[in-house]
Amino acid sequence: QDKDTKMTEFWLISAPGEKTCQQTWEKLHAATTKNNNLSTNSKFNIPDLKVGTLDVLVGLSDELAKLDAFVESVVKKVAQYMADVLEDSKDKVQENLLANGGKVLTMIHLSFEIEKSFKNYSSSLDNVPFLFIFKGVNQIDNDLKARASAYNNLKGNLQNLERKNAGSLLTRSLADIVKKEDFVLDSEYLVTLLVIVPKLNYNDWVKQYETLAEMVVPRSSNVLFEDQDSYLCNVTLFRKAVDDFKHKAREYKFMVRDFQYNEEEMKADKEEMNRLSTDKKKQFGPLVRWLKVNFSEAFIAWIHVKALRVFVESVLRYGLPVNFQAMLLQPNKKTMKKLREVLYDLYKHLDSSAAAIIDATMDIPGLNLSQQEYYPYVYYKIDCNLLEFK
């Protein structure tokens, strides 16, 4: 499918059966494909469910609207978290967001059979599986929170350690830079300091460091490391001269780093970093697999909710006996307005108030019924743009 012309948005609509439901389908298909390919269409077959009283249906309609919003939010969260976890490979997000093993977009064309799914429940609408869907998706939501929290902690700790190992010489960890032989250790009188010397002042350092305080060991300074702006130098002196030395060094913009050489501590830091890095790698694969599987589950649940909404809404609008055809349209981007007009012409006879609505802009108070645009036919949008990550 050409990305520029196809929307990743679908319109799930229904219209009353004419002499037969097949006729309703053929009429729509002809109208949207004959002059200009306005949309790609397929039938969306919803099994017959036993209908309760009108009150039950009105109640169901409200419940389903809430359930729809909840399930959609979980689908979005799982998709968004997949994008977060895949960090640098955002382009891989789409291929990992497969529903039931098929690409999301083809999957909406019901590569899974919705009828089979509904047969798992009683076919009466009174106890259609709101709870079943809600429980399943709620479980995904809770599991996602727990898994994301654990993985984010790990990632955060690792990033903090990585930050400690980067950045300027004034703040970064020196564990990877300094070696034992750079220090005079275990001496009662002598101590080795580490000094950050701006590159611009390096010549001053060479000239001055031996005289910044009494008792500096001559020629005891070497450059151990450099970054863009500074050198890291060591210098050895008598312990009692340290305060003098620090004070004088500051006047020349030489910064003495507060640093104790401690092999155990540095080793522990390194091991912690390796451990976190290994843990993160270990968790990554299973987490991506979990996200794939549960994205599919949540997405399929979402389409089930849409199917139930179409069923309930169609019975409320078109009456009994149950006689309507549900259809799935994927509009072409450039001709969406035209498609709306064609659908209006096809179905305006269904609704006496439709004439007023078609000309009205969408922001007239009360027209945006429960945030769902109103048309003379039953209409629900399945918006897969929410799964696009740039």
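In this predicted model, helix H6 passes helix H9 in a left-handed crossing. H6 spans residues 130-164, and H9 spans residues 263-318. Two packed helices are described by the angle between their axes and the distance between the axes. For H6 and H9, the angle is about 155°. Their axes lie 9 Å apart. Angles over 145 degrees count as roughly antiparallel. H6 and H9 are therefore roughly antiparallel to each other.

Strand S7 covers residues 230-238 and is mostly covered. Eight of its nine residues are buried. Here, buried means under 20% relative accessible area.

S7 pairs with strand S5, which covers residues 190-198. Nine bridges join S5 to S7. The two strands run antiparallel. In this pairing, Val197 stands opposite Tyr231 of S7.

S7 also pairs with strand S6, made up of residues 222-226. Four bridges join S6 to S7, and these strands too run antiparallel. Val223 stands opposite Cys233 of S7. The link between S6 and S7 is a hairpin, which joins them through three residues.

Technical notes. Residues are numbered from 1 along each chain as its sequence is written. This is a predicted model: local features need pLDDT of at least 70, side-chain atom pairs count only at pLDDT 80 or more; totals for chains, interfaces and linings use all residues. Side-chain values use heavy atoms; hydrogens and water are left out. Buried means under 20% relative accessible area, exposed over 50%, partly exposed in between (1.4 Å probe, protein chains only). Two strands pair if DSSP finds at least two bridges between them. Axes are lines fitted to C-alpha atoms, for helices over the stretch in contact, and angles run from 0 to 180 degrees between N-to-C directions. Angles under 35 degrees count as roughly parallel, over 145 as roughly antiparallel, 65 to 115 as roughly perpendicular and the rest as oblique. A crossing is left-handed if the near helix is turned anticlockwise from the far one by less than a right angle, and right-handed if clockwise.
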